[in-house]
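Subject: Structure handover

Hello,

Here is the structure we talked about. Please open it alongside this note.

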Amino acid sequence: KSSGSQPIQVARSCEGGVVAALFAEQGAEGADSILEGGFLKAFSEYPATADILTGLGTDFRIFETYIKVHGGCRGNHASIDIVQELATSNAIKPESIASIMIRVDSVTYAAEIHAPANGNEAQFSVAFAVAAALVNGDASIFQYTDANVADGRIRGMMARIHVEVDKELDKGYPDKRASSAEIVLMDGRRYNGYIPNAKGEPECPLSAAEIEDKFLMLTKYILPEGGERVRDQVMGLETLKDLSVLTASLKACN
């Protein structure tokens with residue numbers, strides 16, 4: 001079960017990094033070996049510290065993180081991507097699908113809730129995520145609701161989806177969170193596909209346009225002009241004479 005505080009955990013860690021940088025700029029000092037002598041040892045008995053400063057100031061770790069295109073558990077995203085790719089490239093309509101076989105690694109399968117009772121449990125359901133993407137067009141955070149879990153169209157699609165473990169995929173974990181899928185149509189045609197990592201991983205980065213699309217999807221009912229004004233101001237941040245222009249645009253719609 002997902003904690004209600006889970007979505008803000010990553011944001012708080014980013015906040016901590018920004019606050020630390022601001023303190024350092026003002027001359028605040030910390031322990032010389034806080035990373036290798038403290039933080040790393042809290043997570044490992046034998047942390048690799050030899051190259052901890054390699055690339056400091058030139059290589060930025062933010063480029064090694066991922067951006068979630070879909071809502072729900074990250075482990076489910078490769079399955080969503082490969083099914084969407086097969087459906088789009090072969091012009092497959094949801095009503096023409098007889099069955100879908102999805103194969104995932106053992107870790108993803110261990111967290112899988114195949115028959116979720118509510119929107120919260122649906123976050124951990126491969127079948128729900130794939131069904132929502134096929135029926136409603138996406139698997140965004142807005143799809144994981146009690147109403148959608150009870151939706152007959154989504155339930156009907158979920159009944160056609162089978163999820164199982166592929167031990168071969170375990171060999172690449174955790175560097176890869178792969179998934180394979182086979183879609184069988186009512187007329188007997190079969191379409192197979194495999195993806196080593198979900199879109200948004202460093203190995204499969206999103207384009208600038210895809211990141212913009214996600215931002216607009218998340219803000220279309222919150223920010224003035226559906227977030228387009230904020231997007232344009234951020235993309236031209238260096239040309240703004242005063243940041244108050246941007247902060248004023250961040251005021252949520254009534």
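Predicted model: local features only at pLDDT ≥ 70, side-chain atom pairs only at ≥ 80, totals over all residues.

Residues are numbered from 1 along each chain as its sequence is written, and side-chain values use heavy atoms, with hydrogens and water left out.

**Pocket**

The largest pocket has a volume of about 1,600 Å³. A pocket here is an open set of points on a 1 Å grid over the protein atoms alone, where a 1.4 Å probe fits, with protein on both sides within 12 Å along at least five of seven lines. Its volume is the space filled by probe spheres set on the points, which are joined across faces, edges and corners. Lining residues have an atom within 4 Å of a point. There are 35 of them, and Val10, Ala11, Tyr66, Ile67 and Lys68 lie nearest the centre. The lining splits into 19 nonpolar, 12 polar and 4 charged residues. Nonpolar covers Ala, Val, Leu, Ile, Met, Phe, Trp, Tyr, Cys and Pro; charged covers Asp, Glu, Lys and Arg; the others, Gly among them, are polar. Helix α1 (6-25) supplies the largest share, 8 residues. Helices and strands are DSSP runs numbered from the N terminus (helices H or I, at least four residues; strands E, at least two).

**Hairpin**

Strands β3 (residues 179-185) and β4 pair antiparallel over 6 bridges; pairing needs at least two DSSP bridges. Serine 179 stands opposite isoleucine 195 in β4. The hairpin has 4 residues between the strands, and glycine 188 takes a positive phi near 95°.

**Core**

Which residues touch the most other members of the largest nonpolar core? Of its 35 residues, they are Val83, Ile100, Ile102, Val130 and Ile161. α6 gives the most to this core, with 9 residues. Such a core is a set of buried Ala, Val, Leu, Ile, Met, Phe, Trp, Tyr and Cys residues joined through side-chain atoms within 4.5 Å. Buried means under 20% relative accessible area (1.4 Å probe, protein chains only). Leaving out residues up to four places away in sequence, isoleucine 161 touches Ile100, Ile102, His114, Ala127, Val130 and Ala131. Contact means heavy atoms within 4.5 Å.

**Loop**

Glycine 137 sits in the loop between α6 (126-136) and α7 (146-150). Glycine 137 and glutamate 36 are 101 residues apart in sequence and 46 Å apart in space, C-alpha to C-alpha.

Best wishes

Conventions: Buried < 20%, exposed > 50% of the residue type's maximum accessible area, 1.4 Å probe, protein only.
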